[in-house]
Structures are given as structure tokens and as C-alpha cells.
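My notes follow in the order in which I checked them.

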Amino acid sequence: MMCPTLTTSFVALVASSYVAAALQTEPQPHRIPLKSRHVGQRTAFRKRAVDAIGVPLSDFFLGTDLQWFGNISVGTPPQDVSVVFDTGSSTLEFATTACTSCAQANKFDPAKSSTFVRGDRVATLRFATGIGVDPIVNRDSYVLTVRNATDAVGVGGVMAGNVSLFEIVDQTPAFNIDPFLGIQGLGSQAEGIFAALVQQGLPSLFSFYITPKVVGDAELLIGGIDHTKYQGEQLRCDLLYVDQTGDEDWEAQSSQVSVNGKTTALLSSSRAIIFDTGTSNMLLDTNLAEAVYALISPDIKPFPAEPGAYGLPCAKVKDLPAEIAFAFTAQDGTPFNLTIPSAELSVGPFADAPDTCQTLINAFDGINLLGGSLFKHYYSVWDVGRQRLGFAPNGGSGLSGSLFGGSTG
């Protein structure tokens with residue numbers, strides 16, 4: 001099947017609030033590379049189609065791939081602000097020079113922006129998933145204190161004015177290892193800078209090409225789909241789309257989980273799965289996590305020092321079959337699996353028990369969530385306008401053909 005090199009489709013980049021005024025800067029094409037972490041009234045003007053914006057992503061690697069991040073622009077004149085593009089949240093928050101507890105370098109300086117307007121509301125944000133792959137033992141470990149503000153915000157030289165955001169004015173020490181300044185939420189509804197870009201003519205969708213550090217060239221493409229990132233001799237060219245069923249989170253209904261081709265009555269139940277680019281590994285209800293692990297190896301045990309984490313002797317990881325597949329049904333009725341290969345089972349040894357390797361699933365009751373351990377192997381399309389998610393194995397996934405063929409029994 002022949003595919004065009006680049007298809008522009010519906011797109012939206014999601015931040016945290018409304019956009020009151022869009023600057024009349026004519027948009028220009030731009031790509032945003034991703035880096036990975038191893039956590040007034042708008043003046044009327046004629047709309048035209050806007051070329052997709054690519055954002056290169058860097059990989060935060062700390063023994064394993066943790067999170068991917070790239071740059072946005074904030075202020076007048078613009079200052080680069082590095083952020084995780086997080087589909088598990090919907091607001092924009094980043095560290096500023098007002099945060100004396102923030103250890104990151106090159107913090108945003110509001111005093112250097114002529115368009116920055118500080119608000120008077122202060123709030124506390126607690127995170128359900130944190131930096132890297134460690135479970136959150138204490139919800140007080142990952143806490144940000146933020147103040148509301150507005151400023152000009154842009155991506156790839158396309159700017160919008162008066163975008164609502166939050167400046168981080170205090171943070172707990174757990175955030176200090178982050179090489180980035182904040183989080184740009186990309187929830188399932190168009191808000192903030194993404195809503196502004198759509199108003200300027202950008203299609204309301206975005207696509208992720210997330211890769212392991214050894215592969216590189218990860219990218220967020222806002223307003224388009226790059227078919228070259230997932231087609232190849234062994235790969236079908238078409239994406240499969242599922243309905244997006246979440247309110248703000250990106251969710252889809254999965255009919256079954258299987259491990260090495262086997263399943264159980266519990267794992268065969270239908271459940272909503274959250275897709276979150278801001279989380280490194282996988283979160284499942286405790287009973288589901290333990291049912292999956294039971295089909296992999298009896299040597300996988302809870303790790304007492306970190307409630308919610310599991311591990312097994314590192315010497316037993318090599319060549320242990322641990323292929324985990326989540327079954328879905330596409331909008332056209334095609335059954336397909338999203339598969340996490342065996343190579344993702346271990347996320348590395350525990351710091352205080354180097355002979356024990358942590359496994360990729362953390363138990364977290366009330367949340368069933370797939371993160372970076374899945375996205376490293378699939379090209380994903382997040383269609384805000386049509387409320388759907390699209391997937392195809394990416395060119396470097398080694399999963400050719402595994403997307404198609406339905407569920408296993």
C-alpha cells in the first residue's frame with residue numbers, strides 16, 4: 001500500500017485553560033524533537049491550513065528510558081521552556097525564577113517577559129504518578145505549589161497571546177532530578193496553546209513517535225501524521241483507530257489482557273485503559289497486576305521497601321517470556337492487540353537491592369494505565385477533533401504484524 005509522506009489531519013495541543021487572544025503571527029512549519037526522560041478578543045483574520053509543527057523530543061535516560069521532553073516558547077521576547085508533553089494532564093506548569101526550591105537550570109524569568117501577567121491564586125498539585133518508574137509510596141512526595149498567570153506561549157515559532165498557565169513557585173525534592181522545567185498537558189479536550197493553534201488553522205490532532213534512547217529521533221508532530229515513522233517492508237501502512245472514551249484522560253476500552261498468549265477469567269474482563277505519555281511504565285489494579293505476573297513467573301514478588309513495586313532476581317530476567325498484549329476493537333470492527341514485548345519486563349535493579357530487578361507493572365488500585373513501555377513500540381495518533389486514538393507499530397519496534405490479528409485466548 002502506498003502512503004503519502006505526510007498527512008495533515010485534525011489536531012489539538014492541550015494546555016490547562018482558555019486562550020483569550022491569538023497573536024497575528026503567520027504560522028510557519030516547524031518540527032519539535034522530543035527528549036526522553038529514563039517523569040482580549042481575537043482580531044478577525046482569514047483562516048488557512050497550517051503546516052504541521054514538529055517538536056524534537058529528548059530522552060531522559062537514567063538506566064532505563066523514563067520520559068520524553070521538548071521545548072515550547074513562553075514570553076515576549078520568547079524564552080525556551082522544556083516540558084514533558086503529557087497526555088495524562090491538561091494544564092501547563094513550569095518552574096520560574098520565583099521557585100527557590102527548584103533545582104533546574106535555565107528557569108523561566110517572568111521579569112524578562114513584557115507580556116507576563118501574574119495572578120493571585122495559589123494551588124497545590126499532587127501527582128498520582130511520579131518521576132521515572134518508582135511507585136508513589138507517599139502522595140506528599142510529588143507536590144507542586146503553583147500560581148496562576150498568563151503569557152504568550154508558542155510552539156515552533158507559532159505564538160498565541162494571553163494563554164493561561166501556572167508558574168511553579170515551590171516543589172518537593174523528588175522533582176529535582178528532572179532535566180526539564182515543567183509539564184505541557186495534552187488531554188483529550190483542546191485547551192490553552194493547542195486551542196490557540198487550532199484557531200489559527202492547525203488541524204486538531206497530534207502524533208507521537210517515541211523511541212528508546214538507542215534509537216533516538218523521537219518527535220511530537222502537532223497537526224499531522226508522519227507515515228514514514230511507521231511504514232516499512234514488514235509493516236502495514238494503515239493505522240487502526242479506537243474510540244476515545246475518557247472525559248479528560250485519553251481512554252479506550254480493552255476486552256482482554258493476555259500474557260504469552262494465555263489469559264484468565266479476570267484478565268478477560270472488559271476495562272478502560274488510560275494512555276499516558278507522562279508515565280514511564282504501567283499501572284494496574286493490584287489484582288490485575290498479580291494476575292499478569294502469575295502468568296510470567298512465580299519468582300516475581302512484591303518489593304516490601306516500595307509498596308506497589310514488584311521484582312525478581314536479575315539473574316532470572318534474561319530470556320524470560322513476558323509478552324503482554326491488550327486487546328482492542330478498532331472503529332472499523334478490526335480486532336487488534338497492543339503488545340509490550342518481553343524486553344520491557346525489567347526496568348533495572350532496585351537501588352537498595354541491586355540483585356533484584358524491578359518489573360514494569362506497578363500496582364495502583366483504581367487506575368489501569370499504559371505508559372512509555374508501550375509507546376516505545378507504536379506510532380500513536382491523538383485525534384482531539386474526532387475523539388479517537390490511532391496506532392501502528394513504529395519502524396524500530398520489532399513488532400511487525402503484532403498489531404493485527406485480534407485477541408488471543
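I began with Cys357, which is buried, with a relative accessible area of 8%. I use buried for under 20% relative accessible area, exposed for over 50% and partly exposed for in between, with a 1.4 Å probe and protein chains only. This is a predicted model, so I note the limits: local features need pLDDT of at least 70, side-chain atom pairs count only at pLDDT 80 or more, and totals for chains, interfaces and linings use all residues. Residues are numbered from 1 along each chain as its sequence is written, and side-chain values use heavy atoms, with hydrogens and water left out.

What is Cys357 joined to? Its disulfide partner is Cys314, with 2.2 Å from S to S. I count a disulfide when two cysteine sulfur atoms lie within 2.5 Å. The link of Cys314 and Cys357 is right-handed, with 110 degrees about the S-S bond. Cys314 lies in the loop between β21 (310-313) and β22 (324-329) and Cys357 in strand β25 (residues 353-359), so the pair ties together parts 43 residues apart in sequence. Helices (H or I, at least four residues) and strands (E, at least two) are DSSP runs, numbered from the N terminus. Cys314 counts as partly exposed, at 23% relative accessibility.

I found two disulfides in the structure. Another joins Cys99 to Cys102, at 1.9 Å from S to S. The link of Cys99 and Cys102 is also right-handed, with 80 degrees about the S-S bond. Cys99 is buried at 0% relative accessibility, and Cys102 is buried at 5%.

I searched the whole structure and got 18 aromatic pairs. Rings of Phe, Tyr and Trp (its six-membered ring) pair if their centres lie within 6.5 Å; planes under 30 degrees apart count as stacked, over 60 as edge-to-face and the rest as tilted. Tyr230 and Tyr379 have ring centres 5.3 Å apart and planes at 35 degrees, so this pair is tilted. Tyr230 lies in the loop between β14 (225-226) and β15 (240-243) and Tyr379 in strand β28 (residues 378-383), so the pair ties together parts 149 residues apart in sequence. Tyr230 is buried at 0% relative accessible area, and Tyr379 is buried at 1%.

I then looked at Phe328 and Phe336, which form a stacked pair, 5.9 Å centre to centre with 25 degrees between the planes. Phe328 is buried at 2%, and Phe336 is buried at 0%. Ring pairs link both into a cluster whose members include Trp250, Phe275 and Trp382.

I also checked charges over rings (NZ of Lys or CZ of Arg within 6 Å of the ring centre and within 35 degrees of the ring normal). Arg388 lies over the face of Tyr241, 3.7 Å from the ring centre. The charged end of Lys229 sits over the ring of Tyr209, 5.6 Å from its centre.

Is β5 (residues 65-74) largely enclosed or open? Nine of its 10 residues are buried, so β5 is largely enclosed by the rest of the structure. I call two strands paired if DSSP finds at least two bridges between them. β5 runs antiparallel to β4 (residues 53-61), with four bridges, and Ser58 has Phe69 in β5 as its bridge partner. β5 and β6 (residues 79-86) are antiparallel over six bridges. They form a hairpin with four residues between them, and Gly75 in the turn has a positive phi of about 100 degrees.
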